[in-house]
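Trainee: Hi! Could you walk me through how the helices in this one pack together?
Mentor: Happy to, let's have a look.

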Amino acid sequence: LGLTLIYGVLHIINFAHGALLMVALYAVYLLKAKIGIDPYVALVIVVPGMFVLGYALQRGIINRASHGKDENILLVTLGLAIVMENLALLAFSGDTRSIDTAYTLSTVPIPTPFGGGPALIALPKLIAFGGALAVAGLLLWIVRRTDLGRAIRAVAKEKQGAKLMGIDVEHVYAMSYGIGLACLGAAACFLLPAYYVNPQVGSGFVLVAFTIVVLGGMGSFSGALSGGLLIGVVESIGGLLLGDSLGQVG
């Protein structure tokens with residue numbers, strides 16, 4: 001959803017998206033490991049923090065370094081990704097880190113319609129599913145029902161026309177980038193109880209995210225949500241039939 005929003009408004013592929021997810025995951029990890037803050041409670045810290053980071057990156061670095069050219073933006077975001085991954089490697093080494101919570105290994109039994117035993121769903125993944133739907137609903141409400149959302153849609157459709165109507169296009173760009181990164185913050189909080197973090201963790205996710213954005217229609221929020229569900233189901237079935245390591249082949 002965050003990648004779709006950034007592409008839909010800025011019309012660029014954000015190569016730094018995976019590295020920024022890694023930053024959010026490390027933030028959740030440090031809050032739990034150093035302060036003891038639960039990953040779901042960390043939502044109130046990480047989501048606003050990633051929004052501020054995104055706004056600052058867009059206004060302070062991406063916008064100034066790109067000089068309004070899309071090809072420059074691609075290079076700037078790629079450079080940001082390289083810098084952030086190497087800084088994380090310097091700070092945390094290449095070790096893979098994870099956190100332990102009381103519910104990490106908990107499961108929820110769900111009755112199956114064809115008889116037999118219930119399906120056991122990992123509790124963190126079930127919470128992540130519900131959280132993703134909630135974030136998607138909030139994002140759709142912002143885009144469709146608020147003044148900021150109307151400005152975002154106007155800029156995405158016709159930048160020059162939006163300028164003539166008095167919309168601060170640079171501010172809308174920065175807000176869109178910030179909201180896109182806030183989605184990454186939420187994803188990190190929902191993901192880490194059942195996953196891990198290392199400096200290269202974002203690369204695997206961003207490939208799937210690009211696939212989902214293209215499959216759902218570039219810039220379409222409902223398409224991204226539907227594409228994400230479809231890719232997730234196909235990958236799970238592929239993992240069941242071919243093995244976990246070959247799940248994405250399906």
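**Helix packing and the core**

Mentor: Let's start with one residue in this predicted model. Beyond its neighbours within four places in sequence, L181 touches I6, L20, M50, L53, G54 and L57.

Trainee: OK, and how many residues has the largest nonpolar core?

Mentor: That core has 50 residues, and V9, L20, V46, Y177 and L181 are the ones with the most contacts inside it.

Trainee: Which elements give two or more residues to this core?

Mentor: They are α1 (2-10), α2 (17-35), α3 (43-66), α4 (70-92), α5 (123-145), α6 and α8.

Trainee: Switching topic: at what angle do α5 and α8 pack?

Mentor: About 165°, and their axes are 9 Å apart. Angles over 145 degrees count as roughly antiparallel, so α5 is roughly antiparallel to α8. The crossing of α5 past α8 is right-handed.

Trainee: Which residues make that contact?

Mentor: From α5 you have P124, I127, A128, G131, A132, V135 and L139, and from α8 there are I179, C183, A186 and F190. Ten of these contact residues are nonpolar, one is polar and none is charged.

Trainee: And where do α6 and α8 stand, roughly parallel or roughly perpendicular?

Mentor: The axes of α6 (residues 147-157) and α8 (residues 169-191) cross at roughly 105° and come within 10 Å, so the two helices are roughly perpendicular. On the α6 side the contact uses L148, A151, I152 and V155, while α8 brings V169, V172, Y173, M175, S176 and I179.

Trainee: How do those divide into nonpolar, polar and charged?

Mentor: Nine are nonpolar, one is polar and none is charged.

Note on methods: Residues are numbered from 1 along each chain as its sequence is written. This is a predicted model: local features need pLDDT of at least 70, side-chain atom pairs count only at pLDDT 80 or more; totals for chains, interfaces and linings use all residues. Side-chain values use heavy atoms; hydrogens and water are left out. Axes are lines fitted to C-alpha atoms, for helices over the stretch in contact, and angles run from 0 to 180 degrees between N-to-C directions. Helices (H or I, at least four residues) and strands (E, at least two) are DSSP runs, numbered from the N terminus. Angles under 35 degrees count as roughly parallel, over 145 as roughly antiparallel, 65 to 115 as roughly perpendicular and the rest as oblique. Contact means heavy atoms within 4.5 Å. Ala, Val, Leu, Ile, Met, Phe, Trp, Tyr, Cys and Pro count as nonpolar, Asp, Glu, Lys and Arg as charged, and the others, Gly among them, as polar. A nonpolar core is a set of buried Ala, Val, Leu, Ile, Met, Phe, Trp, Tyr and Cys residues joined through side-chain atoms within 4.5 Å. Buried means under 20% relative accessible area, exposed over 50%, partly exposed in between (1.4 Å probe, protein chains only). A crossing is left-handed if the near helix is turned anticlockwise from the far one by less than a right angle, and right-handed if clockwise.
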